[in-house]
4 protein chains.
Amino acid sequence: MGMVGGGIGAFIGAVHRMAANLDGKIELVCGAFSSNPERSMQSGKELFLPESRTYANYEEMIKQEALLPEDQRMELVSIVTPNHVHYGPAAMALEHGFHVICDKPLCFDLDEAYKLQKLVKESGQIFALTHNYTGYPMVKEARQLIRDGKLGAIRKVVVEYSQGWLSTFLESTNQKQASWRTDPSKSGIAGAMGDIGTHAENLAEYITGLKIESLCADISILVDGRKLDDDGNVLLRFENGARGLLFASQISAGEENNLKINIYGELGGLEWRQMHPNSLTLKWPDQPKQILRTGVGDLSEISKAHTRIPAGHPEGYLEAFANIYRNVAICIDARNNGQEVNPVYQDFPGIDDGVRGMEFIYKVIESGKTEQKWLSFS
Amino acid sequence: MGMVGGGIGAFIGAVHRMAANLDGKIELVCGAFSSNPERSMQSGKELFLPESRTYANYEEMIKQEALLPEDQRMELVSIVTPNHVHYGPAAMALEHGFHVICDKPLCFDLDEAYKLQKLVKESGQIFALTHNYTGYPMVKEARQLIRDGKLGAIRKVVVEYSQGWLSTFLESTNQKQASWRTDPSKSGIAGAMGDIGTHAENLAEYITGLKIESLCADISILVDGRKLDDDGNVLLRFENGARGLLFASQISAGEENNLKINIYGELGGLEWRQMHPNSLTLKWPDQPKQILRTGVGDLSEISKAHTRIPAGHPEGYLEAFANIYRNVAICIDARNNGQEVNPVYQDFPGIDDGVRGMEFIYKVIESGKTEQKWLSFS
Amino acid sequence: MGMVGGGIGAFIGAVHRMAANLDGKIELVCGAFSSNPERSMQSGKELFLPESRTYANYEEMIKQEALLPEDQRMELVSIVTPNHVHYGPAAMALEHGFHVICDKPLCFDLDEAYKLQKLVKESGQIFALTHNYTGYPMVKEARQLIRDGKLGAIRKVVVEYSQGWLSTFLESTNQKQASWRTDPSKSGIAGAMGDIGTHAENLAEYITGLKIESLCADISILVDGRKLDDDGNVLLRFENGARGLLFASQISAGEENNLKINIYGELGGLEWRQMHPNSLTLKWPDQPKQILRTGVGDLSEISKAHTRIPAGHPEGYLEAFANIYRNVAICIDARNNGQEVNPVYQDFPGIDDGVRGMEFIYKVIESGKTEQKWLSFS
Amino acid sequence: MGMVGGGIGAFIGAVHRMAANLDGKIELVCGAFSSNPERSMQSGKELFLPESRTYANYEEMIKQEALLPEDQRMELVSIVTPNHVHYGPAAMALEHGFHVICDKPLCFDLDEAYKLQKLVKESGQIFALTHNYTGYPMVKEARQLIRDGKLGAIRKVVVEYSQGWLSTFLESTNQKQASWRTDPSKSGIAGAMGDIGTHAENLAEYITGLKIESLCADISILVDGRKLDDDGNVLLRFENGARGLLFASQISAGEENNLKINIYGELGGLEWRQMHPNSLTLKWPDQPKQILRTGVGDLSEISKAHTRIPAGHPEGYLEAFANIYRNVAICIDARNNGQEVNPVYQDFPGIDDGVRGMEFIYKVIESGKTEQKWLSFS
């Protein structure tokens, strides 16, 4: 694997590396870790890479690696840069025959998204997007339960992603994470709705298997001086008639990373919270609540295939993230060996999820600006 | 105290009686417990009332009691009938010089609400509305913390009231609670939004001290055959610019009585849940969360004045409900004795809260029917 | 009902009164509220009693009330004094034909306990002891589940009652609750083990239906200057061979009233916590946990008979306490009317529980002083 | 790193490998994965090792690796075999100049423990024992808080490790984990007390910084046919006079991996639970509870040094486990480069913890068999 971005000190780059490391199936062999060539070199050194495989920029990396013998060169490019530097390396990697794992949201604007979608389909390469929260075993269990009709027809969905880390004007301090995420030239047209709103949208559609059909949004900047939205509240209607709410915020002071979802069907409800990811609560009318737990009892095949250790040993964010890398590794390996892949390992977010997320960003920002109540989102 | 409605078997009548009993300050002396005179008689007997003080209807009760000597007659009328039988006894009781405690929502329609408001103001009698959830000590503590500026300016409010008991077409079985609540001729123009949405609205405005300024609602009937809304999701904007969400549902299968509120200010956030009412969570950026608990430590005077027992002995729904009755008893007693009342005991929902609730019902139902995004609610 | 002790400002007296009031079945008609006659008079006045029914001491109260006509005099004496003033009024009340509800532990010493047991049996009067925690619906549900064999044979029991209110030398400040509870001349031979250890013992034996057969205790005074135990840890063996632990402490700084119990059988486990009394967790090997909730679904008859309001409206400590008073009232009423009582209402702690508790106190204190490992407790 | 044991399908071997992988600082270069040479070979292949570095047994591995050039051979041996195969490879690895990470408990019997302790001290090599629970950031924070005197002098410690996986006679089914753990010829003299009781002992002494001075144990076999203890309850006295309880069980039906600890000092208490490892609850008399969270706010240097990702992204069991591997890697690297190591990275369990654990096993089993109440454990 080669990495684009993620120099020493970066948050998400380190996450991707740990996720790639965990299962021993992927080796970091090269990288272009920073737009600053010296920082890139320094990062490569600290990651035990030889100088020859640490590149000054992604263009060089992709070109040079493509020239290496097949058994030496990277097979996969991991892109962990800010949004405005997703499309470039992704497109180039695909064009040179590499598989791609890209951080979310997919790219800078919708135009890039459609171009990238076309490229992925044409190339036939594997493309994964790190909507990592769907990597949790209990999220997969939830989806399976709904697919199996355990809740009956879905009537209501409430998905929330509340954070508080931008409740002050943090970008004025040059804090790295805040700076680019609140900068329209790097982040794109959306702030919170792009950074975390898309996770919420992806989670809701993934678990329910339902598409949002229309939406009505109140999108706000609540911290003075900020350039992009830091709070958004959205009414949802799903294709089957279900009602819903999506709200995402980065000014919910004191919240850490409070992603959670409640889904109600004709027969019962379920609740999952990212902060306690190994529990899945099922709620039944006139019956005791049930707490399903990672690794306990007769869970679905797909949930078990994404669990590493026995029950009671908490698995966390990195393990869920690593499930994407592990699955991609299995798929690449199978492809290399001409083997079939068990569908449970093909379950990771891809280019279509990425395009859907970009469309969501555009629709929700548009809704925030209009006096029209409902916008179609199909 | 005399009671209107609440014959044997009624849910909320029994609650009101237990709430009135708890502190030994109020005695049930008479009642018109049912529109069926025989049922009323039977109820009176089971409540240890003499036949002479058990009346066939509220008109008779109010008239007869008014004729009794002052030291024998009831002072207070408790109205625990369905919505369409609130205005009648309330108006008549006020006109005959009795104080009134009335179940919520205030009455059948907005017209009645304004008339009743006028009557209360003219009569000078005490009028309390049982928005009982504001009776919890930790709700009062939350309000005080915000008044004291501990959270800074409020930016976001999320209030939820989810129930699941109407997730089937229960009214078709003649279940008593379901039947009248889903019947427009008894409940009024709203179902869930009137029954529990108003509690959510009241709680949010009570704790924050802020008025909702505009709203945008998606109001639905999700169970086939039902005549009134059973689910509503509402975007809120508050007078100070804060954003918010209110959602209330009676089809959230598996939920019991899940009323909760999250409020975020510039400095921190708070969370309170009715199902665990003795805890109030404060969330701070870069500081440990704090769990305030009923009766623990240096709480506000108003919180302590509504706590009966030392910390660790859970106080519940009835105690919160009883706080309204207890406060009304204190106020009546003070009035009778020409004494001042400590303001902490004057804190119970009154006629203006009731009118506000009725206006909320009308506005939110109107919003549910229009394509206009925001409706003003001031 | 007449009350002994519980003058204005007393903690447990007010609890007993609210418990008696709640259901409207018991009326406070007289009292001897304090050993100080003036305080007693003042208390009676504040409780709306006539002077003629407020007595200077319990002897006078019992004598005078016995002289009143049957339809006027009290039927029941509630004893809410410190331990050394339990036996006297209880014995005298029984001898004069009154029923008794007495606070726990039963009395000052084991000798009194046996004498009182004899008196109760001879008198045939109703005698209830306020081991109130068994009044919670979910405690009764737990007991029923075990009776029904749902957990299989019981193997292990862990019961804990941790408080922190005596983690400082509070009695040196003359704090009323601390003063008598740590004074051997009022409390008896035990401090924490008598005050709360007996609750734990009662809860464990009540739910499991098993007797503790032998025990091994480490009993300590951990706050300098204190005269009675403030911490105790006890190994338990039950009659059926089950193992267990009982620990009770009043120096567990920061704990409120943390009474909880875990019970494990061959087939599954259960957990109940007094601080969240409306949930009962069932734990199953290889199956989802289940959360039973007060009022939800198909619970046992006995649990439902001790629940007042629908699910989701938290019932607390006072309601559990009131279940003892309510049941006693039902039993007295049935006796007066020559009726049978449904066994679910006969379920309240009585004289044998009280004697068992006193024996526990003596055995556990003895164990704390000896080098012998196991003491028989049968 | 070379691995002894942990062939495909083994539980703890996979955990060690993931822990070693996570931070990209340790590479698996060889292994003797099974006592069955073919299984070892197959395992090596699946782990991408060349045949030349997959050995038939640990003796061969250590000998052959020692012959390789310094820059090629393993530096560290990871021992993940059952207890009776700890001493052999550990001793041999040390004698050949390799560092060792060994699973717990230290070895088969106390004699081996003392010999190994001597060997480690003589060799000067790094020796780590995977008492992994002390690797959690919030456990380190708890220890630091106590060191800093925030709780005052410690008075009481309650540590529990409850599991339910052996609540049936699982070893009769040849389940691999159950078979060796309940077999005295492989596990040693203890079952549950060795497997998990030592974790509890280690956790309590690690966090408090206090040694257990004496103990009194009730050790049982509660499942018919089992050969080693499956339940143990122990009274503790600590060197400073603090009281305590340790209980560990593998027949607590329905429990997953319920390790938790409550510690009470003169000033306050703390609570940590392995199943929710990112929270540390501080309890204060007359003050709100505080919830410290991994990565939130101004935590101790040592806690932060063992946290990988920002707050709200749950870190779990593998991350805590990996902290031992990461720290060992840092220490080896520093030693190789003649550098000092920041003390926060020197914090991992070592040979003395291992010997202490073995002594605990012997003492607690002895106590379980004697009628003497207290045994000294110093």
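Predicted model: local features only at pLDDT ≥ 70, side-chain atom pairs only at ≥ 80, totals over all residues.

Trainee: Domains, then. Into which domains is chain A divided?

Mentor: Domain 1 covers 2–129. Domain 2 is made of 134–310 + 355–369.

Trainee: How far apart do the C-alpha centres of the two domains of chain A lie?

Mentor: The centres of domain 1 and domain 2 of chain A are 27 Å apart.

Trainee: And how many residues are in contact between them?

Mentor: There are 14 residues from domain 1 of chain A touching 14 residues from domain 2 of chain A. On the domain 1 side, H5(A) supplies the largest share, with four residues. By class, that side of domain 1 has nine nonpolar, three polar and two charged residues.

Trainee: H5(A) again, then. At what angle do helix H4 and helix H5 of chain A cross?

Mentor: Roughly 15 degrees, and the axes come within 10 Å. Here H4 spans residues 87–95 and H5 spans 110–123. Angles under 35 degrees count as roughly parallel, so H4(A) and H5(A) are roughly parallel to each other.

Trainee: Is that crossing left-handed or right-handed?

Mentor: Left-handed, as H4(A) passes H5(A).

Trainee: Which residues meet there?

Mentor: From H4(A), Tyr87(A), Ala90(A), Ala91(A) and Leu94(A). From H5(A), Glu112(A), Leu116(A), Leu119(A), Val120(A) and Ser123(A). The contact of H4(A) with H5(A) has seven nonpolar residues, one polar and one charged.

Trainee: Switching to chain B. How do helix H3 and helix H4 of that chain pack?

Mentor: H3 (residues 58–67) and H4 (residues 87–95) of chain B pack at about 10 degrees, and their axes are 10 Å apart. That makes H3(B) and H4(B) roughly parallel to each other.

Trainee: What makes the contact between H3(B) and H4(B)?

Mentor: H3(B) brings Tyr58(B), Glu59(B) and Ile62(B). H4(B) brings Gly88(B), Pro89(B), Met92(B) and Ala93(B). Five of these contact residues of H3(B) and H4(B) are nonpolar, one is polar and one is charged.

Trainee: OK, the chains. How many residues of chain B are in contact with chain C?

Mentor: 29 residues of chain B, and they meet 29 residues of chain C. The elements of chain B that give two or more residues to this side are helix H1 (11–21) and helix H11 (317–336). H1(B) gives the most, with five residues.

Trainee: What classes make up the side of chain B that touches chain C?

Mentor: That side has 15 nonpolar, seven polar and seven charged residues.

Trainee: Why can we say that chain B and chain A meet through the same surface?

Mentor: Because 100% of the interface residues of chain B are also interface residues in chain A.

Note on methods:
Residues numbered from 1 in each chain as written. Chains lettered and ligands numbered in written order. Axes fitted to C-alpha atoms, helices over the stretch in contact; angles between N-to-C directions. Parallel < 35°, antiparallel > 145°, perpendicular 65-115°, else oblique. Contact = placed C-beta atoms within 7 Å. Nonpolar A, V, L, I, M, F, W, Y, C, P; charged D, E, K, R; others polar. Left-handed = near helix turned anticlockwise from the far one by under 90°. Domains from an automatic or database assignment.
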